[in-house]
Amino acid sequence: MNNNNKSFLDLSKKEISEVVESFGELPYRSVQLEDWIYKKYVERWRDMNNLPQKLVSRLDSSFKLHPLTEISSSGQSNDPAQKFLFQTSKKNKIESVLMYQKNRTTICVSSQSGCAVDCKFCATAFMGFKENLSPGEIVDQFLHLSKKSKSRVTNVVFMGMGEPFLNYKNVSKAAEIMNKKINIGARRITISTAGIVSKIYKMADDKLPYKLAISLNAPNDEIRKKIMPLTINNPIKELIKSAEYYYSKLKRFVTFEYVLLENINDSEACAFELMDLLKDIPCKLNLIPYNEIGGKFSRPKSKSIDAFINALKNAPFTVTVRWSKGTRIDAGCGQLAVKN
Ligand code: SF4
């Protein structure tokens with residue numbers, strides 16, 4: 001068997017067992033392999049020193065262990081965030097971010113290289129769409145960053161480059177590997193979508209155990225269409241209905257993300273309209289003052305941000321404000337893009 005372009009990280013438990021069996025080895029070798037890869041974060045086949053040489057050679061000639069190549073990183077380990085640039089097997093670029101908060105260490109992974117969704121405020125959109133990442137390429141971001149992390153990784157967010165729901169199958173498989181093989185709790189894995197309505201229904205019907213975040217960013221279609229063209233096919237009314245369906249099926253709160261853009265969606269009138277829109281859904285609202293990328297959008301002045309928050313003080317849902325950690329190194333929300 002020569003799958004040299006195939007990554008071992010793409011394989012499910014069952015597929016690993018089949019490979020081990022096809023190489024004439026006993027089933028416990030699968031457990032040893034998973035231990036080396038997902039617990040010890042080993043980088044090379046030859047470092048798996050309790051495996052027979054014959055098996056190591058066959059694996060080495062048949063599979064890539066790590067499909068990603070690290071190109072560079074920015075930020076230091078004592079910074080609140082570090083960003084990593086990788087090259088995929090098809091020679092496209094992606095970025096991932098490691099973030100430290102009080103008692104939580106989070107990895108933000110990319111699900112695609114570039115993105116086709118074209119949100120007007122997002123740096124990734126400028127790259128256009130390059131490719132869907134394989135499950136192994138998504139998981140490999142986790143493995144690389146875990147090795148670099150100064151503390152145990154507790155959370156994963158699919159908020160890097162790309163729209164996870166346009167790569168649904170590979171994202172689900174990667175999340176399952178992180179959950180089942182690496183032991184990241186399902187509620188500590190968040191999939192964030194720009195609002196692909198059909199896939200929110202699918203996530204609910206498939207009973208995926210992960211948290212859902214929806215990047216809403218406007219209280220009505222008129223504003224949303226200007227900044228998120230996918231609204232034309234995914235209007236807010238349908239988006240809200242899908243979020244209600246998700247809650248009714250899974251009894252899990254949805255998080256709505258709202259990037260505050262100066263003079264676009266930051267008025268008090270927008271805040272009141274937003275409160276009205278979300279008042280009947282069990283949800284949380286996460287406000288994100290915009291991280292500027294040198295384009296036409298700006299972060300609102302502090303006074304406007306405060307007024308917006310104040311207008312939501314009677315909201316029947318929790319409102320939080322996320323000041324992105326990695327803005328100094330262009331690793332804040334919406335800032336991921338490969339400049340070259
Ligand atoms: S915000 Fe997300 S969905 Fe929108 S263009 Fe950027 S990466 Fe794509």
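At what angle do helix α4 (residues 135-148) and helix α5 (residues 168-180) pack? The model is a predicted one, in which local features need pLDDT of at least 70, side-chain atom pairs count only at pLDDT 80 or more, and totals for chains, interfaces and linings use all residues. Residues are numbered from 1 along each chain as its sequence is written.

The angle between α4 and α5 is about 40°, and their axes are 8 Å apart; axes are lines fitted to C-alpha atoms, for helices over the stretch in contact, with angles from 0 to 180 degrees between N-to-C directions. Helices are DSSP runs (H or I, at least four residues), numbered from the N terminus. The two helices are therefore oblique to each other, a word for angles other than those under 35 degrees, over 145, or 65 to 115. On the α4 side, P135, I138, V139 and F142 meet residues of α5 that include N170, K173 and I177, where contact means C-beta atoms, placed from the backbone, within 7 Å.

By an automatic or database domain assignment, the protein chain is divided into domain 1 (8-62) and domain 2 (69-329). Their C-alpha centres lie 34 Å apart, and 5 residues of domain 1 are in contact with 10 residues of domain 2.

Key: Contact = placed C-beta atoms within 7 Å.
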